[in-house]
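Okay, thanks for making time, everyone. Let me put the model up and walk you through how it packs.

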Amino acid sequence: MKLFWKGVNLVSVLFFSLFCILFQSTLLHEGFGVYKPDLILIVIAYLAIHRYPIEGGSIAYLLGYFVELNSAAPTGLYSIVLTLTFYVAKLISESFFVSNIISQMLFAVVISLVGKVIFIL
């Protein structure tokens, strides 16, 4: 039964991520313009705290592929960026004690900055 709920959790994370991708590319783009938040990096921060490295890395790669399907980015760009961002976030989350809501919010901000730096490089 526990394996069933882990599968349901995986599917719900993927559907929520697809919703975030669609929401980010349509409504947030119209409302915020250039200064829109990157919701996928927040999902990557969640995965880094709550998932194992292989599972979270695979999900991050899939999310990068889904972002590429929705944008005109070259193939592999977002997949590599989000996977690298996940592994850096995993290293940071294992190095520091991220337990309460304030530290998790600060962690999400730091991971958003790290993701943007990796994207620029």
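Let's start with α5: S79, V81, L82, T83, T85, F86, A89, K90 and S93 are buried there. Buried means under 20% relative accessible area, exposed is over 50%, and partly exposed is in between, with a 1.4 Å probe and protein chains only. Helices here are DSSP runs of H or I, at least four residues, numbered from the N terminus.

Quick caveats: this is a predicted model, so local features need pLDDT of at least 70 and side-chain atom pairs 80 or more, while totals for chains, interfaces and linings use all residues. Numbering runs from 1 along each chain as its sequence is written, and side-chain values use heavy atoms, leaving out hydrogens and water.

So what covers the buried residues of α5? The cover includes α3, α4 and α6, with contact meaning heavy atoms within 4.5 Å.

Take L63: leaving out residues up to four places away in sequence, L63 touches L14, S17, I21, I40, V43, I44, L47 and L82.

Last, salt bridges: a Lys or Arg side-chain nitrogen within 4 Å of an Asp or Glu carboxyl oxygen. There are two. D38 pairs with K116 at 3.7 Å, linking parts of the chain 78 residues apart. E55 pairs with R51 at 2.6 Å; R51 is buried at 5%, whereas E55 is partly exposed at 24%.

Terms used:
Helix = DSSP H or I, 4+ residues; strand = E, 2+ residues; numbered from the N terminus.
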